[in-house]
Amino acid sequence: MALLALCALPLRIAGADTREVVQLSLGVGLTPAHWGVLLAAGHNDKANYDYATEDIAERLRRVGVSNVRVLTATPEHADRSGAALTTHDEIRAAFARIAGPQTAACLFFITSHANRRGIFLALDKSQQYLTARDLDRYVTESCGDRPQVLILSGCYSGAMITTAMTRHPKRIVLASASPTTVSYGATTTERHLNFERCLIKAYDAGVATWREMFEQALPCVEEREDWLRVPASKPEAYIGPAVPNLRIPGR
């Protein structure tokens with residue numbers, strides 16, 4: 001009952017009048033300052049995971065997004081950067097921190113190993129998978145009725161696009177692979193895994209919306225997989241009916 005009550009609460013944005021709140025709740029008129037962002041690396045066997053969170057954070061901060069939290073699965077990186085470690089408790093706490101009174105939209109990105117159970121959290125020995133049910137609960141608890149973008153990079157990550165994850169009309173979910181396919185990683189000379197490499201490439205090319213970013217990333221993913229002669233990962237997406245053209249911060 002507590003969760004249902006939270007979902008029913010109207011969106012309130014500090015300093016916004018009623019008309020502006022209605023527009024922001026639909027993703028209209030969002031500025032970089034309206035976004036709360038959580039970026040997480042779930043594993044530490046490749047530096048690529050932290051590279052992705054660092055590089056996405058840098059791009060968002062460059063356009064004016066200041067409400068950014070970064071989590072890492074590498075203790076040494078945490079010591080250097082001050083980032084918290086990627087565990088269930090820290091993910092849940094970070095969602096609460098980014099969803100403050102100025103936040104009108106939430107962005108979550110995680111990159112790690114994964115299987116059909118969920119996204120692997122290497123440092124959380126008591127609960128090693130972030131499941132679709134977990135993620136839906138954490139996002140709903142903190143972000144409520146606000147527009148939400150969830151980017152999941154890992155093998156079989158399309159399995160996270162469940163009925164519960166797609167009941168929110170203002171939610172977008174981008175997954176690097178279908179529920180039955182693996183997601184190609186990277187060669188030893190590449191900074192990013194294939195899916196995030198293609199998302200970042202689309203961002204750098206100037207796409208305006210999350211839908212356009214995903215659509216432009218698809219042929220990039222397929223081209224690299226064809227060149228390497230590896231099985232297709234078949235990325236999947238859910239675009240909520242209330243946010244078909246939700247714009248990327250700063251676009």
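This is a predicted model: local features need pLDDT of at least 70, side-chain atom pairs count only at pLDDT 80 or more; totals for chains, interfaces and linings use all residues.
**Notebook: burial, fold and disulfides**

Residues are numbered from 1 along each chain as its sequence is written, and side-chain values use heavy atoms, without hydrogens and water.

I looked up the overall size. For 251 residues, a compact globule would have a radius of gyration near 18 Å; the chain has 17 Å, which agrees (taken over C-alpha atoms; the rule is 2.2 Å times the number of residues to the power 0.38).

I then listed the disulfides (cysteine sulfur atoms within 2.5 Å). The structure holds two.

I took Cys106 and Cys143 to begin with. Their sulfur atoms are 2.1 Å apart. The S-S torsion is about -105°, so this disulfide is left-handed. Cys106 sits in strand β4 (residues 105-111) and Cys143 in helix α6 (residues 132-143), so the pair ties together parts 37 residues apart in sequence. Helices (H or I, at least four residues) and strands (E, at least two) are DSSP runs, numbered from the N terminus. Cys106 is buried at 2% relative accessibility, and Cys143 is buried at 1%.

I turned to Cys198 and Cys220, which form a disulfide with sulfur atoms 2.1 Å apart. Their link is left-handed, with -75° about the S-S bond. I also checked Cys155: this residue is in no disulfide.

Methods: Buried means under 20% relative accessible area, exposed over 50%, partly exposed in between (1.4 Å probe, protein chains only).
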